[in-house]
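I opened a new structure today and kept notes as I went. My entries follow the model.

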Amino acid sequence: MTWDDVTRVEEKPPGSVNAPSKRDCACLIVLAGSAMGEMYKLTREKTVIGRGQKAQVRMIDDGVSREHCEIIMEGDKAVLRDLGSTNGTFCRGTRIESQELEDGDKILVGSGTVLKFTYHDSLDETFQRQMYESALRDDLTKAFNKKYFTDRVESEFAYSFRQKTCLALVTFDLDHFKEVNDTYGHPAGDYVLAEMAAAVQAIVRVEDVFARVGGEEFSIICRGADIAQGRVIAERVRQTVSSHPYVFAGKNIPITVSAGVAAIQDARIVDAQGFIAAADHALYEAKRTGRDRVCLWR
């Protein structure tokens, strides 16, 4: 996607004006990049955009500096300032040092992250959240969908590999799930998937990504976790799932999961696809050796 592509898609209709109407909150919407569709409310006097841990709007795409730029709220004005980034900050197609923002302005950081500055009232915010969730979430389980997972694991892997930081991947699936469908019916199977996902989502860390990647297969991208910490997360998932009650049409359905864990520190893992494959191999080993257990990629 090029800058011109985004500009054409987001062009204002004839007769529109730049000045915002009375709105509740200034916001950034990600038009292109790893967090595409997400919205960030600018509630601070200063909001830093970058790939570092201290950034309030964290973009881990290529070419984004640790503290790339910031937006300063000065009364009714919003000012965009570059923070000495390596690749520069662009607004309205021009590289800037400092620029007062207008409603609808596009901001380019890094090689392909595009943000839209706008003002939202509560109805706008609700609509944007619903659009974001519907595009990125699985309808049944409300976990992130496979496309979002694939995009995130690639960007998270690239960042961690380049910066030599920890990253673990937990992949798990439900044991004997076909028997659940065959014995209790597909509505019961859907109920179990939704219940299980809700139980797991409740224990997943805020910084992690929980996604449905197959029929009964799920993955968790564990930011900042090594293999030992990934194992702890996987064990917590296994125990949470097995102890959660699943009662459908008055019948108790016993559920367990098997899990595999891989970490980026393994020298044999050199790309995101190898990372996913390593966690899958560990999962298969957990299945082969008896199920209802966690195995590590070694």
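**Entry 1: Arg 51**

I looked up the contacts of Arg 51 (heavy atoms within 4.5 Å). Leaving aside neighbours within four places in sequence, Arg 51 is in contact with Arg 58, Met 59, Ile 60, Val 64, Ser 65, Arg 66, Tyr 159 and Gln 163. This is a predicted model, where local features need pLDDT of at least 70, side-chain atom pairs count only at pLDDT 80 or more, and totals for chains, interfaces and linings use all residues. Residues are numbered from 1 along each chain as its sequence is written, and side-chain values use heavy atoms, with hydrogens and water left out.

Where does Arg 51 sit? I found Arg 51 in the loop between strand E3 (46-50) and strand E4 (57-58). Helices (H or I, at least four residues) and strands (E, at least two) are DSSP runs, numbered from the N terminus. Arg 51 counts as buried because its relative accessibility is 14%. Buried means under 20% relative accessible area, with a 1.4 Å probe and protein chains only. A polar atom of the Arg 51 side chain lies 2.7 Å from the backbone oxygen of Val 64.

**Entry 2: helix H3**

Next I checked helix H3 (residues 146-163), which has 18 residues. From first C-alpha to last it reaches 25 Å, close to the 26 Å expected at 1.5 Å a residue. That expected span is 1.5 Å times one less than the number of residues. Among the buried residues of H3 are Tyr 148, Phe 149, Arg 152 and Tyr 159. Lys 164 follows H3 and has a positive phi, near 60 degrees.

**Entry 3: strand E1**

Is strand E1 enclosed or open? In E1 (residues 25-32), 8 of the 8 residues are buried, so the strand is largely enclosed by the rest of the structure. I then looked for its partners; two strands pair if DSSP finds at least two bridges between them. E1 pairs with strand E11 (residues 113-120) in the antiparallel sense over 7 bridges. Ala 32 has Val 114 of E11 as its bridge partner. E1 also pairs with strand E2 (residues 39-41), antiparallel, over 3 bridges. E1 and E2 form a hairpin with 6 residues between them. Gly 33 in the turn has a positive phi of about 135 degrees.

**Entry 4: the cores**

Last, I looked at nonpolar cores: sets of buried Ala, Val, Leu, Ile, Met, Phe, Trp, Tyr and Cys residues joined through side-chain atoms within 4.5 Å. The largest has 31 residues, and Phe 172 and Leu 174 are among those with the most contacts inside it. Helix H5 (186-201) is one of the elements that supply at least two residues of this core. H5 gives the most, with 6 residues. A second, separate core of 23 residues includes Leu 28, Tyr 40, Leu 42 and Val 109.

Note on methods: Buried means under 20% relative accessible area, exposed over 50%, partly exposed in between (1.4 Å probe, protein chains only). A polar contact is a pair of N or O atoms within 3.5 Å; within protein, one must be able to donate a hydrogen and the other to accept it, and residues adjacent in sequence count only if both atoms are side-chain atoms.
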